[in-house]
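Please look over the sequence and the model shown below, and then work through the questions and answers that follow.

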Amino acid sequence: MMKKVLVSWLLLLSGLWAPLAASASASDPYALINEVAQSTFDRLSKEQTEIKANPEYLRTIVREEMLPAVDVRFSAFRVIGNQLNSTTPEQRERFVEAFSDYLVVTYADALAAYKEQTLDIGSGQVGADDKLVSVPVTVLEPNKPEIKLEFKLRQNSRTGEWKVFDMVAEGISLLSAKQAELSGLIRQNGIDAVTRQLQEHTNKPVTPLEVTQ
């Protein structure tokens with residue numbers, strides 16, 4: 001199915017608990033990605049007046065439409081990596097919150113660069129024993145090469161809900177890349193220092209990202 005959607009879906013995903021997580025699509029990873037893509041694009045199209053008047057409004061769209069689709073805690077803990085056991089519960093909670101806010105800024109920057117690209121979102125069925133699923137997505141834009149993506153989703157063993165935890169772009173895992181970047185800093189400087197670094201990043205204004213192919 002062809003969906004118009006924002007460039008920010010092509011960068012990173014992370015999420016918070018929200019109403020979308022309780023919807024029927026949370027039990028179907030393919031439906032979940034389609035629903036989030038459509039709802040985000042609808043907001044982006046209908047609320048251009050607010051966005052142009054205040055680009056920071058993009059962060060509201062990100063928080064309300066995109067973040068509920070992904071497991072921020074799982075992704076953040078993967079980023080912390082081997083240092084997880086050397087942190088306290090309070091440190092981990094502060095890092096998860098800062099990491100989520102950091103991603104909001106990242107998505108909002110990408111939203112500012114939106115030019116109505118289209119996505120060809122793959123379809124499929126989930127087996128009864130499947131706990132991990134990859135949903136293929138092709139990014140289409142006139143006069144530019146296709147970009148092949150895979151969204152990685154995992155099923156929560158307790159709730160049965162599916163959420164995104166990684167995206168592979170042209171063979172590169174974005175979660176692995178972020179883990180390589182931040183886990184080393186956590187090891188060198190400590191988790192509190194990296195948390196403060198992420199918090200400082202969230203204070204900057206929305207800046208459109210340059211999307212290259």
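Q: Which residues in H6 meet Ile191, Ala193, Val194, Gln197 and Leu198 in H7?
A: The model is a predicted one, in which local features need pLDDT of at least 70, side-chain atom pairs count only at pLDDT 80 or more, and totals for chains, interfaces and linings use all residues. Residues are numbered from 1 along each chain as its sequence is written, and side-chain values use heavy atoms, with hydrogens and water left out. Helices are DSSP runs of H or I with at least four residues, numbered from the N terminus, and contact means heavy atoms within 4.5 Å. On that basis, the residues of H6 that meet those of H7 are Leu182, Leu185, Ile186 and Asn189.

Q: How many residues of the contact of H6 with H7 are nonpolar?
A: Ala, Val, Leu, Ile, Met, Phe, Trp, Tyr, Cys and Pro count as nonpolar, Asp, Glu, Lys and Arg as charged, and the others, Gly among them, as polar. With these classes, the contact of H6 with H7 has no charged residues and two polar ones, while the number of nonpolar residues is seven.

Q: At what angle do H6 and H7 pack, and what is that arrangement called?
A: Axes are lines fitted to C-alpha atoms, for helices over the stretch in contact, and angles run from 0 to 180 degrees between N-to-C directions. The axes of H6 (residues 174–189) and H7 (residues 191–201) are 7 Å apart, and the angle is about 130°. Angles under 35 degrees count as roughly parallel, over 145 as roughly antiparallel, 65 to 115 as roughly perpendicular and the rest as oblique. The angle of about 130° therefore makes H6, relative to H7, oblique.

Q: Within what arc do the buried residues of H7 fall?
A: Buried means under 20% relative accessible area, with exposed over 50% and partly exposed in between, using a 1.4 Å probe and protein chains only. In H7 the buried residues are Ile191, Val194, Thr195 and Leu198. The arc is that of the directions from the helix axis to the C-beta atoms. Seen down the axis of H7, these residues line one face of the helix, because they fall within an arc of 105°.

Q: Is alanine 76 buried or exposed?
A: Alanine 76 lies in helix H4 (residues 72–80), where it touches Phe95, Val96 and Phe99, not counting residues up to four places away in sequence. Because its relative accessibility is 0%, alanine 76 counts as buried.

Notes: Helices (H or I, at least four residues) and strands (E, at least two) are DSSP runs, numbered from the N terminus.
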